Amino acid sequence: MMEKNIEISILSQIYKNTLTEKQFEILDEYYNNDFSLSEIAENYNITRQAVRDNIKSGETKLYDLENKLGLMKKMQKQEELVNRIISCLLYTSDAADDRIS
């Protein structure tokens, strides 16, 4: 299972255009830049509770989209397939080199 911070960070990049600019920025500051609720609240001149509400609603939206569309899961499967193909190609290349030598 992926760590929540990483998961939200990836999902926010995939579904960035579905979030409001403020939601994206708050999620980015919280998950990617490790800002506290207080720091974000001060930056946006809002309460800590408003920051928390923004984060929770953003997370909910991202998870809902991923459950419906599964884009992150598809990307992970594609990455695994590419890695397997690369491994096979390297193995084949190594085997060919052994036969030549």
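1. Asp 34 is found in the loop between H2 and H3, where helices are DSSP runs (H or I, at least four residues) numbered from the N terminus. The model is a predicted one, in which local features need pLDDT of at least 70 and side-chain atom pairs count only at pLDDT 80 or more, while totals for chains, interfaces and linings use all residues. Residues are numbered from 1 along each chain as its sequence is written, and side-chain values use heavy atoms, with hydrogens and water left out.

2. Asp 34 has a positive phi of about 60 degrees although it is not a glycine. Most residues other than glycine have a negative phi. With a relative accessibility of 67%, Asp 34 counts as exposed (exposed means over 50% relative accessible area, buried under 20%, and partly exposed in between, with a 1.4 Å probe and protein chains only).

3. Asn 45, which lies in the loop between H3 and helix H4 (48-69), also has a positive phi, near 55 degrees, and is a residue other than glycine. Its relative accessibility is 74%, and Asn 45 therefore counts as exposed.

4. Helix H2 (residues 21-32) packs with helix H3 (residues 37-44) at an angle of about 145 degrees, their axes being 10 Å apart; axes are lines fitted to C-alpha atoms, for helices over the stretch in contact, and angles run from 0 to 180 degrees between N-to-C directions. The contact (heavy atoms within 4.5 Å) involves Lys 22, Glu 25, Ile 26, Glu 29 and Tyr 30 of H2, together with Leu 37, Ile 40, Asn 43 and Tyr 44 of H3.

5. The axes of helix H1 (residues 4-14) and H2 come within 10 Å and cross at roughly 150 degrees, and H1 and H2 are therefore roughly antiparallel to each other (angles over 145 degrees count as roughly antiparallel, under 35 as roughly parallel, 65 to 115 as roughly perpendicular and the rest as oblique). On the H1 side the contact is made by Lys 4, Asn 5, Ile 8, Ser 9, Ser 12 and Gln 13, and on the H2 side by Phe 24, Leu 27, Tyr 31 and Asn 32.

6. One aromatic pair is found in a search of the whole structure. The ring centres of Tyr 30 and Tyr 31 are 5.0 Å apart and their planes stand at 90 degrees, so the pair is edge-to-face; rings of Phe, Tyr and Trp (its six-membered ring) pair if their centres lie within 6.5 Å, with planes under 30 degrees apart counted as stacked, over 60 as edge-to-face and the rest as tilted. Tyr 30 is partly exposed at 30% relative accessible area, whereas Tyr 31, at 11%, is buried.

Methods
Helix = DSSP H or I, 4+ residues; strand = E, 2+ residues; numbered from the N terminus.
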